[in-house]
Amino acid sequence: PCQGQRVADEVARLEKLHGELNEPEEKLQAILQRKQTAVSQEDFLLAKEIQEEEREARESLAEPATELASLKSSAQSLAKEYCYDLPPSHYGLPSPDVRDWYTHHLKLMSQRLQTYRPSGEKVLGDLTQPCALTGLAVRMRYRIKVQARLRGSALMHAILIVRDWMHYGFFATFSLQDMLDRKRASMVAKGLSPSDVEVCNAVLDSSFKSNKGVTELAQNLGEAGIGYATETTALYGALSLAVLVLYVAAQCCRAMVAKLKSRDRKS
């Protein structure tokens, strides 16, 4: 299940607990230092009195420390399952509206995940490494992309799948490793020698960006008043025309081949 808000709430509680624990932890360290000094000076009576202070300080830390450990475990678990809460929406949208939905949700994804860059290093365990957060972003972007395409026409969805094959290759998986390999190759082609962390951060940054050219095209179509019915009719019309042209071309080739064979028999 999508539990993005729970993750954010628990991160905030964790950071608050960290702040609350700083003072008693510093106090405990000071007590331990005094105890060590007393023992080194062989003042064992003072060391025994300080030991009682140490016990009380540790007890005062026990409860918040237990809560902190529990919250950290919960936040780590939730972060692994983190997904974006995609709200229900009308289907059968024209491309401009689908693009608006897509870019809007990419922006929301960016706002949520960017907050984990500073916080995640402190409290999210497995998200300490940049690639863990990058993997989360790659999965979320792919899900948003598919959900956006399902809101348009089935034919447009099929066209976009073919476009992905042509642009990324038929066997592109859009997995984290696939995206890292592509980004590294792109950076190397530009004369760079990126480290693993730099490649991860580059993929993370690009996960929040949409293709400006496609966005501008969708906006122009929207300004022209192209609706779902018009767009779908035009797409199926273009597809039908393409099929008709191919059929006529095939029939012409067939007739030419038959004519050539007839000439050969006569000769």
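Entry 1. I looked up Asp-164 and found it buried, at a relative accessible area of 6%; buried means under 20%, exposed over 50%, and partly exposed in between, with a 1.4 Å probe and protein chains only. The model is a predicted one: local features need pLDDT of at least 70 and side-chain atom pairs count only at pLDDT 80 or more, while totals for chains, interfaces and linings use all residues. Residues are numbered from 1 along each chain as its sequence is written, and side-chain values use heavy atoms, with hydrogens and water left out.

I then asked which side chain meets Asp-164 in a salt bridge. It is Lys-145, at 3.8 Å from N to O; the criterion is a side-chain nitrogen of Lys or Arg within 4 Å of a carboxyl oxygen of Asp or Glu. The pair links distant parts of the chain, with Asp-164 in helix H6 (residues 154-168) and Lys-145 in helix H5, 19 residues apart. Helices are DSSP runs of H or I with at least four residues, numbered from the N terminus. Lys-145 also counts as buried, at 14% relative accessibility.

**Entry 2. Other salt bridges.** I counted 10 salt bridges by this rule. Side chains of opposite charge can pair when their charged atoms come close. One of the bridges joins Glu-53 to Arg-34, with the closest N and O atoms 3.1 Å apart. This pair also links distant parts of the chain: Glu-53 belongs to helix H2 (residues 44-80) and Arg-34 to helix H1 (residues 4-40), 19 residues apart. I noted both partners as partly exposed, Glu-53 with a relative accessible area of 33% and Arg-34 at 40%.

Next I looked up Arg-182, which forms a salt bridge with Asp-178 at 3.3 Å between the closest N and O atoms. The two are separated by about one helical turn, because they lie 4 residues apart in helix H7 (residues 176-189). Arg-182 is partly exposed at 30%, whereas Asp-178 is buried at 15%. I also recorded a network in which salt bridges that share partners join Lys-145, Arg-149, Arg-163 and Asp-164.

**Entry 3. Helix H7.** H7 has 14 residues and reaches 20 Å from its first C-alpha to its last, close to the expected 20 Å; the expected span is 1.5 Å times one less than the number of residues. In this helix I found Asp-178, Leu-180 and Met-187 buried. Gly-191 follows H7 and has a positive phi, near 90°.

**Entry 4. Aromatic rings.** How many aromatic pairs does the whole structure hold? My search found 4; rings of Phe, Tyr and Trp (its six-membered ring) pair if their centres lie within 6.5 Å, and planes under 30 degrees apart count as stacked, over 60 as edge-to-face and the rest as tilted. Tyr-168 and Phe-174 are edge-to-face, because their planes stand at 80°, with ring centres 5.1 Å apart. Tyr-168 is partly exposed at 27%, and Phe-174 is buried at 17%. Together with Tyr-142 they form one aromatic cluster.
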